[in-house]
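Here is a short tour of one protein chain. Start with the model itself, then read on.

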Amino acid sequence: MEELKLNSVYCGDCNELFKSISDFSIDLVVTSPPYDKVRNYKGNVKFDLHKTGIEIFRVLKDGGIAVMVIQDQTIDFGKSLTSFRTIIDWCDNIGFKLFETVIYRKNGPEGAWWTKRFRVDHEYMPIFLKGDKPQYFNKEPLK
């Protein structure tokens with residue numbers, strides 16, 4: 001596979017596309033992966049969060065950051081815990097540190113579940129760190 005070019009859009013299996021990226025070459029990865037079959041994707045998409053974590057860890061520089069936007073599916077009034085399992089897997093088995101977890105607050109309609117459970121108005125954003133400390137950290141623009 002040819003080397004990926006900057007400022008380009010690629011459509012495909014991210015784990016295959018990652019093979020075109022050199023080790024220790026990326027500062028930041030932000031991903032909102034498909035999980036728990038919450039949406040229907042064309043082509044019968046299957047997604048391996050563990051394999052993706054391995055590839056992200058490989059391409060990140062020391063001090064690099066990976067941010068994931070993720071939530072859990074509700075099945076029979078219980079949460080799937082995919083977000084928590086993924087965080088533990090990436091930290092215990094791949095080598096990331098959990099730098100922080102922030103909440104992406106979404107504004108939208110109450111939805112059908114509002115009368116039977118709490119409204120899901122957020123997604124988790126675990127922030128993973130590769131190495132001892134971040135290369136760069138400046139929260140001023142976020143204030």
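In this predicted model, residues 24 or more positions apart account for 74% of the contacts with a separation of 6 or more in the protein chain.

The chain holds three helices and six strands. From the N terminus, their order is α-β-α-β-β-β-α-β-β. The C-alpha trace spans about 50 × 40 × 30 Å along its principal axes.

**The interior**

Of the chain's 143 residues, 31% are buried. In soluble globular proteins, nonpolar side chains tend to be buried together. Here the largest nonpolar core has 16 residues. Those touching the most other members are Ile56, Leu60, Ala66, Met68, Trp90, Phe96 and Phe128.

What does Phe128 touch, not counting residues up to four places away in sequence? Its contacts include Gly64, Ile65, Ala66 and Met68. Ile87, Trp90 and Cys91 also touch Phe128. So do Phe96, Lys97, Leu98 and Phe99.

**The surface and the charges**

The accessible surface of the chain comes to about 10,200 Å². Carbon and sulfur atoms hold 55% of that surface. The chain carries 21 positive and 20 negative side chains. The centres of these two sets lie 5 Å apart.

Technical notes: Residues numbered from 1 in each chain as written. Predicted model: local features only at pLDDT ≥ 70, side-chain atom pairs only at ≥ 80, totals over all residues. Heavy atoms only, no water. Helix = DSSP H or I, 4+ residues; strand = E, 2+ residues; numbered from the N terminus. Buried < 20%, exposed > 50% of the residue type's maximum accessible area, 1.4 Å probe, protein only. Contact = heavy atoms within 4.5 Å. Areas by Shrake-Rupley, 256 points an atom, 1.4 Å probe, with all protein chains shown as cover. Lys, Arg positive; Asp, Glu negative; His and termini not counted. Charge placed at Lys NZ, Arg CZ, Asp CG, Glu CD. Core = buried A, V, L, I, M, F, W, Y, C linked by side-chain atoms within 4.5 Å.
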